[in-house]
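Morning, everyone. Take a look at the screen first.

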Amino acid sequence: MTQDRTEMSEDDDDNSQSPPLDLRSAAIADHCSSSSSSTPNKSRNCMALNSQTFPDHVLENVLENVLQFLDSRCDRNAASLVCKSWWRVEALTRSEVFIGNCYALSPTRLTQRFKRVKSLLLKGKPRFADFNLMPPDWGANFAPWVSTMAKAYPWLEKVDLKRMFVTDDDLALLADSFPGFKELILVCCEGFGTSGIAIVANKCRKLKVLDLIESEVTDDGVDWISCFPEGVTSLESLAFDCVEAPINFEALEGLVGRSPFLKKLRLNRLVSLEELHRLLLGAPQLTSLGTGSFSHDNAPQSEQEPDYAAAFRACKSVVCLSGFRDLMPEYLPSILPVCSNLTSLNFSYANISPDMFKPIIHNCHRLQVFWALDSICDEGLQAVAATCKELRELRIFPFDPREESEGPVSELGLQAISEGCRNLESILYFCQRMTNAAVIAMSENCPELTVFRLCIMGRHRPDHVTGKPMDEGFGAIVKNCKKLTRLAISGLLTDQAFRYMGEHGKLIRTLSVAFAGDSDMALRHVLEGCPRLQKLEIRDSPFGDVALRCGMHRYYNMRFVWMSACPLSKGCCKDVARAMPNLVVEVIGSDDDDDNRDYVETLYMYRSLDGPRNDVPKFVTIL
Amino acid sequence: MAYEKVNELNLKETELCLGLPGRKEEVKEEQDVSCVRSNNKRQFEETRDEEESKPPTKTQIVGWPPVRSYRKNNSVSYVKVSMDGAPYLRKIDLKTYKNYPELLKALENMFKFTIGEYCEREGYKGSGFVPTYEDKDGDWMLVGDVPWDMFSSSCKRLRIMKGSEASALDSSSL
């Protein structure tokens, strides 16, 4: 029973720091017995007096008034564990539900427990599916969720999906079923097209947010922009930078013109610089802008080029800038007027050289979030370090994402950033060369780090100066960065690195491992040493049956475990499945998998309250 | 140890040939094959390391480095396609295709011809038409040798060769 509730009350907020399950119960017990909180005392008195009549109703009435103020998922999960009464009231007052794995429970269980849901956040496929490690049509279908919610939550306002398969029919049902619908956010989703988007645009009259982020949207040839209704809209955010389809610019201009509340606008690659200019003149109130292509389709029409800088100058409120999908670098200086206001800048689609970059970044004193391609080189990173003292998040992507590519950024860039950006909290860094010294320096200079993801693109690459494995670098990170919750490792790594992780990585929730380690002991260190581990994704590493068995005490407390191209045997996976009935153990392979073959190509396992799913494709076997 | 085992499995799979587009089995095999693939250009084929004990130095692994595919499309997607004997060129958007069978089928439809069967060792056989492309370095390569992602990001233009020129390419590469 308790296990049921704790599984449902899963805390997945990466930013929250929830105590492990056992401590949490203790904390609640303490809280209830202290006199600082009057509500439980009151209720106890009430219960004593009215034990014959309706104690539960009084209690629940009071609780309802109190609990409605609880926003944090973490707090709500804790409250729901107090007793059945609290569980009931909490379920009645939770208006936003987060489900980290769509297969952890059935839609019916959701609607049976939570009766007044206005907002759903749902995640589907595991992250490694992004890198073609999972065959298409694996699952994570939105359909059963939308059809169940259509009947249960007619007042639903917000749906936020990540890595789900969403069809046009699903979108049509959504648009039809929820008259008060306000926010649709689709991140890394696929299965739908512009026709589905058109239906949402047309039927959701209260729509405030339509954000399509990094999703695959098929071009059905539908002019979806024109499908927004006439008259003033409630639109606050419209992001379609991932939609690879031409749009009706006149319709877009009209839409922006009649959307006075529009703050965020992210254009796609097919909106030209001239069109952007026209939009900016009509929407100076924007705070977040995705600039589209930032290039001309053809040679400029007129002799007189539009004054792009003036258009940006008029956008005094822009603090977040992205886009630059087909950047014509000679126009980059037009953004200079907004640079000093920027808190977020995304250049990760633009091949910008250091010389083009430095004059721009020199003005971005307030920058907190910065994404770019490694084309800015170590030199560009040094410029970031010199100027962006408030930097919290840095992501450097490879322009040429191959193992043998040149690699214009290295340990020099990392070192510079660590020295200049002391408030750094999150970093994703792709490179070809790295040293332990630079990683150690970052661990010492940036104590606020919660996310450290280093991808040395050449597999098994050692410290390029010393020739040693990268163990000490990552060891320093887990040792010195006391707030670290997410770690991705790479380069040549022995079991020692994992020993460090198990010893010091006490807050780690997400761990990504690829081509690392020497033996089962490595994985064992992590499974036995990291009590907060929730998401474990491993590929191409020498961890087998022995290691897998070491984690049996943890798997019910984790969201998922992914292991691909590891020496696991089907027999062992079957043993795990048998020993843990609430764990769904999926073996994902190719169609022509020989049933006799003992080798497990991909293992994906996760806890589930409702047993194995009923939409299993041919290439998946549930043990 | 484990890594080598995986390697062995995958290398065996790379010995399979791509067939005509449209044939389901072949398409599936192509997906399997993409696990480990040599990215050596055709002219370096002789020097490829055949030993399975050493980790291959020039192989492309699926999903590595872990960059989402939409980020890999840094070059302009439209490429010119010429066919020997055809009066004018065509342009296609490489991004609309996800793999070789889709591309080859589109080319066949566009120019009304049939491409022969592809085999890693011998190129295209059977029809006298050979799809080739010019890569970033200016070299003319045979379509199909390298993993799709690598091809689509380095292809600058396509040329469908036919007749004697096509067979010259075949024999010179061996």
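A:Phe294 sits in the loop between strand 10 (288-291) and helix 13 (308-314) of chain A. Helices here are DSSP runs of H or I with at least four residues, strands are runs of E with at least two, and both are numbered from the N terminus. Phi of A:Phe294 is near 60°, a positive value in a residue other than glycine. Buried or exposed? A:Phe294 counts as buried, at 0% relative accessibility. The cut-offs: buried is under 20% relative accessible area, exposed is over 50%, and partly exposed is in between, with a 1.4 Å probe and protein chains only.

Now the ground rules. This is a predicted model: local features need pLDDT of at least 70, side-chain atom pairs count only at pLDDT 80 or more, and totals for chains, interfaces and linings use all residues. Residues are numbered from 1 along each chain as its sequence is written, chains are lettered from A and ligands numbered from 1 in the order in which they are written, and side-chain values use heavy atoms, leaving out hydrogens and water.

Next, A:Asn132. Its phi is also positive, about 60°, and A:Asn132 is not a glycine. Look for A:Asn132 in the loop between strand 2 (119-123) and helix 8 (143-152) of chain A. A:Asn132 is partly exposed, with a relative accessible area of 49%.

What does UniProt say about this stretch? An unreviewed entry places the feature "domain: Transport inhibitor response" at residues 115-161 of chain A. A caution: UniProt positions are given in the numbering used here, feature names are shortened, and annotations may be inferred rather than shown by experiment. Over residues 115-161 of chain A, the chain is 21% helix and 19% strand. The end C-alpha atoms of that stretch are 20 Å apart.

Overall counts. Chain A has 23 helices and 23 strands. Chain A has 623 residues, and 57% of them are buried. Of the contacts in chain A with a separation of 6 or more, 71% are between residues 24 or more positions apart. Contact means heavy atoms within 4.5 Å. Chain B comes to 6 helices and 9 strands. Of its 174 residues, 49% count as buried in chain B. For chain B, 56% of the contacts between residues at least 6 apart join residues at least 24 apart.

On to helix packing. Axes are lines fitted to C-alpha atoms, for helices over the stretch in contact, and angles run from 0 to 180 degrees between N-to-C directions. Helix 9 (residues 168-177) and helix 10 (residues 194-203) of chain A pack at about 5°, axes 8 Å apart. So helix 9 of chain A is roughly parallel to helix 10 of chain A. Under 35 degrees counts as roughly parallel, over 145 as roughly antiparallel, 65 to 115 as roughly perpendicular, and the rest as oblique. Helix 9 of chain A contributes A:Asp168, A:Leu171, A:Ala172, A:Ala175 and A:Asp176. From helix 10 of chain A come residues including A:Ile197, A:Ile199, A:Val200 and A:Lys203. By class, that contact of helix 9 with helix 10 of chain A has 6 nonpolar, 2 polar and 3 charged residues. Nonpolar covers Ala, Val, Leu, Ile, Met, Phe, Trp, Tyr, Cys and Pro; charged covers Asp, Glu, Lys and Arg; the others, Gly among them, are polar.

Second pair. Helix 5 (residues 73-80) and helix 6 (residues 84-93) of chain A pack at about 145°, with axes 8 Å apart. A:Arg76, A:Ala79 and A:Ser80 of helix 5 meet A:Trp86, A:Trp87, A:Glu90 and A:Thr93 of helix 6 of chain A.

Now helix 16 (residues 377-387) of chain A. Its buried residues include A:Leu381, A:Val384 and A:Thr387. Their cover includes helix 15 (354-361) and helix 17 (411-420) of chain A. A:His365 lies in the loop between helix 15 and strand 13 of chain A. A:His365 and A:Thr387 are 22 residues apart in sequence, and 5.6 Å apart C-alpha to C-alpha.

Last, cysteines. How many disulfides are found over all chains? The search finds 0, with a disulfide defined as a pair of cysteine sulfur atoms within 2.5 Å. For A:Cys339, the nearest cysteine sulfur is that of A:Cys364, 4.0 Å away. A:Cys339 is buried, at 0% relative accessible area.
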